[in-house]
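The sequence and structure come before the details.

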Amino acid sequence: MKLDRDTFREIGDSLVRNRSRSLLTGFGIFWGLFMILFLVGGGQGLKEMLGRNFEGFASNAIVIFADNTTKAYKGFREDRRWDLDQDDIVQLKTLIPELETATGAVSAWGWTAVRDVHTSSIVFKGINSDYIKIETPNLKYGRYITEADVMAERKVCVIGKKVYEELFPEGGDPCGQAIKAGPVYLRVIGVDFSAGNININGDASSSVVVPLSYAQKLLNRGKDVDIVCLTAKSGIKSSTLEDRIRHIVARKHSFDPTDKGALIFFYLEQLFNMVDTLFRGVNFLVWLVGLGTLLAGAIGVSNIMMVTVRERTVEIGIRRAIGATPFDILSQIMLESVALTLTAGSFGIVFSVLILNLVEIITKGQAAFQIDFSTAVLSAVLLAVLGLLAGLAPALRAMKIRPVDAMKDE
């Protein structure tokens with residue numbers, strides 16, 4: 001074998017060809033990892049944005065409301081109208097010790113709030129002080145409705161963010177000032193900046209909240225309530241209480257306990273679980289598709305390294321002839337494979353972070369569209385492992401090349 005200029009030119013041309021193939025294979029690794037991290041980070045951001053719709057709400061809350069009966073019962077006709085009332089709340093608290101909270105609310109829609117020349121379309125809502133355990137307010141100013149307000153039927157209110165911005169465009173603390181809500185004047189005692197988009201008897205941002213006792217008197221509702229909100233004690237699944245709640249309420253209002261149309265249940269717990277299940281499924285699909293892409297890229301790396309070994313037989317033979325050990329050849333090929341996957345993967349990590357940052361800017365920081373540091377480290381470790389596995393077979397083949405065989409090939 002002659003170690004002349006033509007021989008070294010052949011080795012150099014082989015390296016150039018391998019570099020082009022490596023770039024194509026590296027793009028597969030880059031794209032696969034970018035797709036995984038971008039979708040994982042984007043999914044986390046979307047989950048956070050969706051979770052803000054539930055902000056402040058008790059995850060185990062049950063909301064029940066009355067509807068017309070769908071079955072005849074004990075002489076009463078079907079399609080009979082009935083209403084929940086405060087006595088139902090007392091009975092549920094007394095007879096179901098597993099309940100932590102039981103409270104009612106009434107609402108009126110289509111009202112307008114006025115302050116000077118400013119107006120706002122509102123939902124007029126009456127609640128008890130313990131409603132705070134169902135929907136926790138995010139108070140910007142002042143305080144919330146207290147038991148003393150309810151007992152004294154005070155003409156006070158807590159206004160939502162939208163109402164505050166429309167009635168008080170100049171900003172500042174509005175507590176102590178008067179507004180007109182529908183036909184009555186109320187004194188503002190607090191401003192609720194809750195961001196949740198779930199409407200339980202009225203959107204929080206558009207609400208003017210007053211003591212339940214005053215709202216019932218103003219709306220001529222007596223003891224009736226539109227909804228009853230319940231929460232179960234810690235460790236108790238709220239849905240397991242449905243049958244007992246139905247029987248207690250049905251017995252008092254004389255309708256069939258099996259008439260599911262007469263008493264409607266809405267479980268926030270199921271809504272939370274549905275969202276969690278949805279995103280677990282999405283994450284599983286993302287990792288499944290992404291890992292498939294990475295695996296395809298790793299197979300491509302292995303094939304490229306096989307071609308590299310075959311085309312560099314002369315070079316490897318020369319190295320063996322001048323004293324390179326089989327382990328030197330093995331480590332070189334495997335390190336090249338790991339370097340290729342890690343380099344392409346690193347670009348994928350950086351690019352995904354940059355794109356996620358851009359998405360976060362576009363959405364004006366409504367959620368953190370980013371990947372965890374642990375996820376990035378796990379991805380790097382995974383790439384290193386894939387690189388080792390991809391380079392193992394080509395490295396073993398290269399290690400078996402003998403200088404005599406390389407010279408015969410030449």
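The axes of helix H2 (residues 86-95) and helix H6 (residues 242-253) come within 10 Å and cross at roughly 135 degrees. Here axes are lines fitted to C-alpha atoms, for helices over the stretch in contact, and angles run from 0 to 180 degrees between N-to-C directions. Because of that angle, H2 is oblique to H6; angles under 35 degrees count as roughly parallel, over 145 as roughly antiparallel, 65 to 115 as roughly perpendicular and the rest as oblique. On the H2 side the contact is made by Asp87, Asp88, Gln91, Leu92 and Leu95, and on the H6 side by Arg244, Ile245, Ile248, Val249, Arg251, Lys252 and His253. Contact means heavy atoms within 4.5 Å. By class, the residues of the contact of H2 with H6 are five nonpolar, two polar and five charged; Ala, Val, Leu, Ile, Met, Phe, Trp, Tyr, Cys and Pro count as nonpolar, Asp, Glu, Lys and Arg as charged, and the others, Gly among them, as polar.

The model is predicted: local features need pLDDT of at least 70 and side-chain atom pairs pLDDT 80 or more, while totals for chains, interfaces and linings use all residues. Residues are numbered from 1 along each chain as its sequence is written, and side-chain values use heavy atoms, with hydrogens and water left out.

The protein chain has eleven helices and twelve strands, taken as DSSP runs numbered from the N terminus (helices H or I, at least four residues; strands E, at least two). Of its 410 residues, 46% are buried, where buried means under 20% relative accessible area, exposed over 50% and partly exposed in between (1.4 Å probe, protein chains only). Among contacts in the protein chain with a separation of 6 or more, 78% are between residues 24 or more positions apart.

Six aromatic pairs are found in the whole structure. Rings of Phe, Tyr and Trp (its six-membered ring) pair if their centres lie within 6.5 Å; planes under 30 degrees apart count as stacked, over 60 as edge-to-face and the rest as tilted. Two of the pairs are tabulated.

| Pair | Ring centres | Planes | Class |
|---|---|---|---|
| Tryptophan 82 and phenylalanine 255 | 4.8 Å | 35 degrees | tilted |
| Tyrosine 164 and phenylalanine 193 | 5.9 Å | 55 degrees | tilted |

Tryptophan 82 sits in the loop between strand E1 (61-66) and strand E2 (84-85), and phenylalanine 255 in the loop between H6 and strand E12 (263-267), so this pair ties together parts 173 residues apart in sequence. Tryptophan 82 and phenylalanine 255 are both buried. Tyrosine 164 is buried at 6% relative accessible area, and phenylalanine 193 is buried at 19%. One aromatic cluster is formed by Tyr141, Tyr164, Phe168 and Phe193.

Leucine 99 lies in strand E3 (residues 99-115) and is buried, with a relative accessible area of 8%. Not counting residues up to four places away in sequence, leucine 99 touches Leu92, Leu230, Thr231, Ala232, Lys233 and Leu241. Its C-alpha atom is 8.6 Å from that of serine 238, 139 residues apart along the chain.

Threonine 341, in helix H9 (residues 326-362), is buried with a relative accessible area of 1%.
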